[in-house]
Amino acid sequence: MIAMNYRGPFRIRTERNRPEPEIMHPNDAIVRVTRSLICGSDLHLYHGMVPDTRVGMTFGHEFTGIVTEVGEGVQNLKVGDHVLVPFNIACGACPFCKQELFGNCHESNPQHTAIGGIFGYSHAAGGYDGGQAEYVRVPYADVGPTKIPAGMNIEDAVMLTDVTPTGYQAAEMGGIQKGDTVVVFGAGPIGIMAARCSWLFGAGRVIIIDHLDYRLEFAKKYAMCEAYNFKEMHDPVVFLKRTTDWFGADVCIDAVGCEAVGTPSQDITGRLFLQAGSATALNWAINSVKKGGIVSVVGVYGMPWNMIAMGSVLNKGITLRANQASVKRLLPRLIEHVQNGILDPKGLITHRIPLEEVNEAYHIFSAKRDNCIKPLLIPPTATRELIAA
Ligand SMILES: NC(=O)c1ccc[n+]([C@@H]2O[C@H](COP(=O)([O-])OP(=O)(O)OC[C@H]3O[C@@H](n4cnc5c(N)ncnc54)[C@H](O)[C@@H]3O)[C@@H](O)[C@H]2O)c1
Ligand SMILES: [Zn+2]
Ligand SMILES: [Zn+2]
């Protein structure tokens, strides 16, 4: 089959003769991928920021597919079902899954206890191959995969595997109260979706911060929010304090993670791995939230050593909330929101690219070329189906 193949930082190849995955456990299913996406999280892998990312791995944790084979233990899926597959691999039975913390499963990642399994996300996240391929093995197939509701657009469905729940959970973790001012750092797909979802929780004012004007323009329209370029400010923290009567925002969301730019000392120490990437957006969030406010972190930090303004967290009495999104927990509500037209996830997709050109797709998304917000990959079999339809 055709699959994306990681060859080292900034090097990706299309592999044409990769063996198709096989059932390895009675609870596995095999799906033929119909759509997959590239995520900002994949860029951390692509840039060599995630430990134990092995050459030869296939990335991709956001995908839909048609079930082609099920293990003998699988009860909820049958061959031919068209499913969307949450990015978290979860057993459904451990104490954390029982609390619906599906991103924190204790069983699905044999390599580490800090993080559950994730498709195509290094051996630190379990070493599972991902969905930027024609076929994927899906473990615990009765738990994650969810049948795509009749009538749902496939592009909306694939956007429910990560971006929509992550943006929604970012707003949810912010504990937004009616009328609150919410500041979102990062106008990538996740930040834009978090800004959009903040209104659903009752925000009175939503501000998004980035340094890419095309993304800020996009966010302004898509999320109906204020959008500002931090490169045009002397200091984004002072700017945000000034615009909130010097109190600070009620809620700040970090939708950037460990590759933030904007503070030279963080950039240099991050690039030299003196810390685990740069924590600029997180520090801006901590410093511009009000005393007693909440900072919600969905931007990914891989390794645990970062230079974070812990003194401000303590002295300001900030609540810091963070997690991988718990996709399965949020799906029922988000499917409803999509069906009722409250959310339009496919509206974030700007590029539709054949899987065979995955290398170019990574380059466009990583270099933020061509006004790219979110690139979708279409495997050759799915392209043929599209042409035939
Ligand atoms: N927690 C989860 O479950 C989860 C799920 C998906 C993605 N993520 C993470 O969310 C983050 C965003 O993902 P994405 O797909 O939107 O990525 P992306 O790379 O498309 O967007 C990141 C944006 O942040 C901007 N940025 C850089 N430095 C900044 C700064 N100092 N202040 C404000 N903006 C800054 C960039 O210009 C870019 O537009 C990534 O870290 C990704 O790994 C987390
Ligand atoms: Zn993702
Ligand atoms: Zn579990």
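Reader: How many residues of strand β10 are buried?

Author: This is a predicted model: local features need pLDDT of at least 70, side-chain atom pairs count only at pLDDT 80 or more, and totals for chains, interfaces and linings use all residues. Residues are numbered from 1 along each chain as its sequence is written; chains are lettered from A and ligands numbered from 1 in the order in which they are written. A residue is buried if 20 or more other C-beta atoms lie within 10 Å of its own, exposed if 12 or fewer, and partly exposed in between; C-beta atoms are placed from the backbone. Strand β10 (residues 181–185) is mostly covered, and its buried residues number 5 of 5.

Reader: Which residues of β10 point the other way from Thr181, Val183 and Phe185?

Author: Helices (H or I, at least four residues) and strands (E, at least two) are DSSP runs, numbered from the N terminus. In β10, Thr181, Val183 and Phe185 point one way, and they are buried. Also buried, but pointing the other way, are Val182 and Val184.

Reader: What is the bridge partner of Val182 in β11?

Author: Two strands pair if DSSP finds at least two bridges between them. β10 and β11 (residues 205–210) pair in the parallel sense over 5 bridges. In β11, Val182 has as its partner Val206.

Reader: Which hand has the β-α-β crossover from β10 to β11?

Author: The chain leaves β10, passes through helix α5 (residues 189–200) and reaches β11. A crossover is right-handed if, with the strands pointing away from the viewer, the path from the first strand over the helix to the second runs clockwise. This β-α-β crossover is right-handed.

Reader: Which are the edge strands of the open sheet?

Author: The sheet has 6 strands in the order β12-β11-β10-β13-β14-β15, with parallel pairing. Its twist averages 20 degrees from one strand to the next. An edge strand here pairs on one side only, and the two are β12 (226–229) and β15 (319–322).

Reader: In β12, what is the bridge partner of Ile209?

Author: β11 and β12 pair in the parallel sense. Ile209 has as its partner in β12 Tyr228.

Reader: Why is α5 called roughly parallel to α6?

Author: Axes are lines fitted to C-alpha atoms, for helices over the stretch in contact, and angles run from 0 to 180 degrees between N-to-C directions. Angles under 35 degrees count as roughly parallel, over 145 as roughly antiparallel, 65 to 115 as roughly perpendicular and the rest as oblique. The axes of α5 and α6 (residues 213–222) lie 10 Å apart, at an angle of about 25 degrees. That makes the pair roughly parallel.

Reader: Which residues in α6 meet Ile192, Ala195 and Arg196 of α5?

Author: A crossing is left-handed if the near helix is turned anticlockwise from the far one by less than a right angle, and right-handed if clockwise. α5 passes α6 in a right-handed crossing. Two residues are in contact if their C-beta atoms, placed from the backbone, lie within 7 Å. Ile192, Ala195 and Arg196 meet Phe218, Ala219 and Tyr222.

Reader: How are α4 and α5 set to each other?

Author: Helix α4 (residues 163–173) packs on α5 at an angle of about 55 degrees, with the axes 7 Å apart. Their crossing is right-handed. The contact includes Tyr168 of α4 and Met193 of α5. The two helices are therefore oblique.

Reader: Is Leu282 buried or exposed?

Author: Leu282 lies in helix α9, a helix (residues 280–288) with 9 of its 9 residues buried. Those residues pack against β10, α7 (236–242), β13, α8 (264–271), β14 (289–297) and α10 (310–316). Leu282 touches Asp254, Val297 and Ile308, not counting residues up to four places away in sequence. With 27 C-beta neighbours inside 10 Å, Leu282 counts as buried.

Reader: Is Phe10 buried or exposed?

Author: Phe10 has a positive phi of about 65 degrees although it is not a glycine. Phe10 sits in the loop between β1 (3–8) and β2 (11–15). With 11 other C-beta atoms within 10 Å, Phe10 is exposed.

Reader: Near what value is the phi of Met224?

Author: Met224 is in the loop between α6 and β12. With 11 C-beta neighbours inside 10 Å, Met224 counts as exposed. Met224 is a residue other than glycine, yet its phi is positive, near 50 degrees.
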